[in-house]
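Please find below a short note on the model under review.

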Amino acid sequence: AYIYAIVIFIYFAVLIIVHMMVARIFRSKKLVEYVHRKYIYGLSKNILSVLNIEVSIEGTWPKDEAVHVIMSNHVSWLDIFVIGYALRGRSVTAVSKLSNFFIPFFGLGMYMLFVRPMRRNKKDPKGDRTRIRKVFETCTKYNLDLLFFPEGTRTTDGNLGNFKNGGFELASIENVPIVPIVMHGLYKVNNKNTSMNVLPGQVTVVVGNPVQPSEFGSPKELRDSLYCTMSEL
């Protein structure tokens, strides 16, 4: 299964890299949208199929075409494939830890999809905020949703961890609606403690109602409210 997964991964990574290079050369927004909608979903669907992971979705995504910030719990290295499948073709990009960009094909593929590194440097929080803002500018240009894992790292016990402030500050400043989602069942399939060991299983992605930052007095209030919401999904 792993061999097939690697082959699928490399195949889609090459498709993404080549097509995004063409899109940038010709400044084609339509091709950018096509790659994000079709290839992320196709990659995710095939990887999950090979690994015998079934994903069901509860709730509905917003029907409007506005940019949204998607907030999700962080469980496994499989998160991106589960969410990529659950998005059902919605265009999305994200921020990711710097080390992921050194993975062959994966790192370059992420970069070409406008994913940008977060250095998590406590001495330079403004630097990370600047990088987030630049990613958001790309989102508005190409009409992409922006995915955040507000915990910042994968859970070690299956429970929702404390939230960091970055995504909520951005959502508040730009007044971008937040769509909370929670993955259930993925911890049994794979988690931080089991490394690359993946078990077949069923994962449910629950999509909550959009949250408007303008309804809260501060990013902290927004963060705390969303934590309660996601804890109950």
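The numbered points that follow concern a predicted model.

1. Helix H1 (residues 2-25) packs with helix H2 (residues 29-50) at an angle of about 180°, and their axes are 10 Å apart. Since angles over 145 degrees count as roughly antiparallel, H1 and H2 are therefore roughly antiparallel to each other.

2. On the H1 side, the residues that meet H2 include Tyr-4, Ile-8, Phe-12, His-19 and Ala-23. The H2 residues they face include Leu-31, Val-35, Tyr-39, Leu-43 and Val-50. By class, the contact of H1 with H2 has 17 nonpolar residues, four polar residues and no charged ones.

3. Strand S5 (residues 145-148) is joined by three bridges to strand S2 (residues 69-72), and the two run parallel. Within that pairing, Leu-146 in S5 is the bridge partner of Val-69. Three bridges also join S5 to strand S3 (residues 92-97), again in parallel; here Val-92 stands opposite Asp-145.

4. The side chains of S5 point two ways: Asp-145 and Leu-147 one way, Leu-146 and Phe-148 the other. All of these residues are buried.

5. The count of aromatic pairs comes to eight. One of them joins Tyr-34 and Tyr-39 edge-to-face, at 5.8 Å centre to centre with 80° between the planes.

6. Is Tyr-39 buried or exposed? Tyr-39 has a relative accessible area of 11% and is therefore buried, whereas Tyr-34, at 41% relative accessibility, counts as partly exposed.

Key: Residues are numbered from 1 along each chain as its sequence is written. This is a predicted model: local features need pLDDT of at least 70, side-chain atom pairs count only at pLDDT 80 or more; totals for chains, interfaces and linings use all residues. Side-chain values use heavy atoms; hydrogens and water are left out. Axes are lines fitted to C-alpha atoms, for helices over the stretch in contact, and angles run from 0 to 180 degrees between N-to-C directions. Helices (H or I, at least four residues) and strands (E, at least two) are DSSP runs, numbered from the N terminus. Angles under 35 degrees count as roughly parallel, over 145 as roughly antiparallel, 65 to 115 as roughly perpendicular and the rest as oblique. Contact means heavy atoms within 4.5 Å. Ala, Val, Leu, Ile, Met, Phe, Trp, Tyr, Cys and Pro count as nonpolar, Asp, Glu, Lys and Arg as charged, and the others, Gly among them, as polar. Buried means under 20% relative accessible area, exposed over 50%, partly exposed in between (1.4 Å probe, protein chains only). Two strands pair if DSSP finds at least two bridges between them. Rings of Phe, Tyr and Trp (its six-membered ring) pair if their centres lie within 6.5 Å; planes under 30 degrees apart count as stacked, over 60 as edge-to-face and the rest as tilted.
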